[in-house]
Amino acid sequence: MFSFRRSLLALGALLFIGSLFTPLHAIGMEEGNASEQRYPPLDTVVMVPDLPAVASADPLEAYRGLPSGPAVDTPSHPIAPAIALGPPGPIAPPPVDRLTVSLDWYPSPRHAALYVAKALDMFEHRGLDIRLSTPADPEVPTKLLADSRIDLALTRQPLLHRQVDQGMPLVRVATLVGVPLTALVVRRDSGIASPAELAGARIGHADQDAEAILLPAMIAGHDVSMDSIDTPNVHYRLEQAMLEGRVDAVIGGMRHLLPRALANDGLATRSFAVEDHGMPRHDGLILVANRNNLAQQRSAIRRFVSALEEATAWILKHPDESWPLLIATEPTLDTSVNRDAWPEIRARLTQTPGALSHGRYQDVESFLFETGLIKERQPVSRLAVDISSP
């Protein structure tokens, strides 16, 4: 009996001690197997707490009846981004400025920068549409320009001084050839050996400056008056007038072209450079604009002059390629006279067309005023501008 009681007491003690170690063992098992989900036995009764009533299906029900206005915090839905319904429209081309430019004469090698710039798309790359035209008469271009019927014209510096003195709104904006190109060309059989022997001669001309400035300047130091010289206007027919014997000489002819052409036709001549006989050195080929329109055309003209500078640089850098390009662009240039004269004319092209020599324009203006060939002395700013300046 005693032993049975002792057994029961020992068993109870063991059960009590086991109950003390069971929670610690369970905790250790949970920490060692945290990733394993433990479930209650299948026959365990699960108590579910009472939950509040499910919200209404209408998300705006809580806001019904509230006053409207910007202060109300109303829920909103994000706006879907727009989508392209078709291909994008074409990109508009940049604006193009059109300039109409008149030559001073029929196409000549001295116009090379214009043709090269056009052939190599130097105008187009600067947003320019350039229209070149040949005048029906050498005296027409500056008159059309003064009347705003064209945008730019080629001429010679002496003519610019005369026409500004006459009140025409012209102004130089670039120089294509910075040395004189003209001469007094006389027939050898005329017996004229110098400008001092022009009295009684018949001297043809094609331009105003040739008759009114160049010829008077060449005889100013001699005992010869303009009244003693017959000066018919032969227009474009300088060469024909000489060959046909209708004149003894011509003033204003291109010194690199006319004597060669006459020699090819069998007529021997003498040439007298105008700057060697009284006329100051001057620009042989310039670009003029209408000063009344200069403000609105300045940007386009500046780009035009920039293209001429690039074209001139290309010509001088590619001497062997420049002539084939010229005659391909303007086939009328392909003559033996032009071909022979091209090296001389090419060497005289101005590398910086926009550059302005104030002293040169001041000297020519003073000479013309002092010799009575113009009525008033004009400031250089009235005659010429540096188009690249602001």
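Guide: Helices here are DSSP runs of H or I with at least four residues, and strands are runs of E with at least two, both numbered from the N terminus. This is a predicted model, in which local features need pLDDT of at least 70 and side-chain atom pairs count only at pLDDT 80 or more, while totals for chains, interfaces and linings use all residues. Residues are numbered from 1 along each chain as its sequence is written, and side-chain values use heavy atoms, leaving out hydrogens and water.

Visitor: What makes helix H4 (residues 157-165) mostly covered?

Guide: Buried means under 20% relative accessible area, exposed over 50%, and partly exposed in between (1.4 Å probe, protein chains only). Eight of the nine residues of H4 are buried, including Pro-158, Leu-159, Leu-160 and His-161.

Visitor: Why is Leu-132 called partly exposed?

Guide: Its relative accessible area is 26%, so Leu-132 falls between the 20% and 50% limits. Leu-132 lies in strand S2 (residues 128-133). It touches Val-101, Leu-114, Tyr-115 and Lys-118, not counting residues up to four places away in sequence; a contact is a pair of heavy atoms within 4.5 Å. Leu-132 and Tyr-115 are 17 residues apart in sequence and 9.2 Å apart in space, C-alpha to C-alpha.

Visitor: What makes a set of residues a nonpolar core, and which have the most contacts inside the largest one?

Guide: The members are buried Ala, Val, Leu, Ile, Met, Phe, Trp, Tyr and Cys residues joined through side-chain atoms within 4.5 Å. The largest has 48 residues, with Leu-152, Val-173, Leu-287 and Phe-304 making the most contacts inside it. Helix H8 (residues 294-317) gives the most to this core, ten residues. Apart from this core lies another, of 25 residues, among them Val-186 and Phe-272. As for Val-173, its contacts include Leu-152, Leu-287 and Ile-301.

Visitor: How do you know that strands S5 (residues 182-187) and S7 (residues 249-254) pair?

Guide: Pairing requires at least two DSSP bridges between two strands. S5 and S7 share five, in the antiparallel sense, so they qualify.
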